[in-house]
Amino acid sequence: HGLHHVELELAARDGGCRWPGCDRPPAHTDAHHPTPWLTGGPTNLTNALLLCRHHHQRIHEDTYRTERLPSGDIRFHRRR
C-alpha cells in the first residue's frame, strides 16, 4: 500500500519516532495527533508527529503529557 502525502511529509520531517532517544524508522511508526481529531484537531503536519507503537501507546496513558515547543519539537513530561 502507498503512503499518503501527509505520511510522506511526516516521514521526511520527523525521520522516525520523535520520542527522545528512540531510533525507530518511519516504517515502524504511526501518526500521533496531540490535539485528537475526535475532538476537532486537524489531521495535518502541525498537529501530527511520528511515534513508534510502543511510545504511541505510552503517550495515550495518563503517565505523560506533551508540550509543543516554538521550534515545532515535542517535549514529553512525566506526570507526577
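A: Happy to, and we'll go from the overall fold down to single residues.

A: This is a predicted model, in which local features need pLDDT of at least 70, side-chain atom pairs count only at pLDDT 80 or more, and totals for chains, interfaces and linings use all residues. Residues are numbered from 1 along each chain as its sequence is written, and side-chain values use heavy atoms, with hydrogens and water left out.

Q: How many helices and strands are there?
A: The protein has 2 helices and 4 strands. Here helices (H or I, at least four residues) and strands (E, at least two) are DSSP runs, numbered from the N terminus.

Q: And in what order do the elements run from the N terminus?
A: The order is α-β-β-α-β-β. The radius of gyration is 12 Å, close to the 12 Å that the globule rule gives for 80 residues, so the protein is as compact as a globular protein of that length. That radius is taken over C-alpha atoms, and the rule is 2.2 Å times the number of residues to the power 0.38.

Q: What does the C-alpha trace span along its principal axes?
A: About 40 × 30 × 25 Å.

Q: Okay, strands. How do β1 and β2 run?
A: They run antiparallel, with 4 bridges joining β1 (residues 29-32) to β2. Two strands pair if DSSP finds at least two bridges between them. In this pair, aspartate 30 stands opposite leucine 51.

Q: Which residues of β2 are buried?
A: Strand β2 (residues 49-52) is covered on both faces: Leu49 and Leu51 are buried on one side, and Leu50 and Cys52 on the other. Buried means under 20% relative accessible area, exposed over 50%, and partly exposed in between (1.4 Å probe, protein chains only). In a regular strand, side chains alternate between the two faces of the sheet.

Q: What about β3 and β4, how many bridges join them?
A: There are 5 bridges between β3 (residues 64-68) and β4 (residues 74-78), and the strands run antiparallel. Arginine 68 stands opposite isoleucine 74 in β4. The hairpin has 5 residues between the strands, and glycine 72 takes a positive phi near 95° there.

Q: What does leucine 10 touch?
A: Not counting residues up to four places away in sequence, leucine 10 touches Gly15, Ala31, Leu45, Ala48, Leu49 and Leu50. Contact means heavy atoms within 4.5 Å.

Q: Leu45 is on that list, so where is leucine 45 found?
A: Leucine 45 is in the loop between β1 and β2. It is partly exposed, at 23% relative accessible area. Leaving out residues up to four places away in sequence, leucine 45 touches Val6, Glu9, Leu10 and Arg13. Leucine 45 and glutamate 9 are 36 residues apart in sequence and 7.6 Å apart in space, C-alpha to C-alpha.

Q: And proline 26, where is that?
A: Proline 26 is in the loop between α1 (5-14) and β1. At 30% relative accessibility, proline 26 counts as partly exposed. Again not counting residues up to four places away in sequence, proline 26 touches Ala11, Gly15, Gly16 and Leu50.

Q: Last one: how much of the whole protein is buried?
A: Buried residues make up 29% of the 80 residues.
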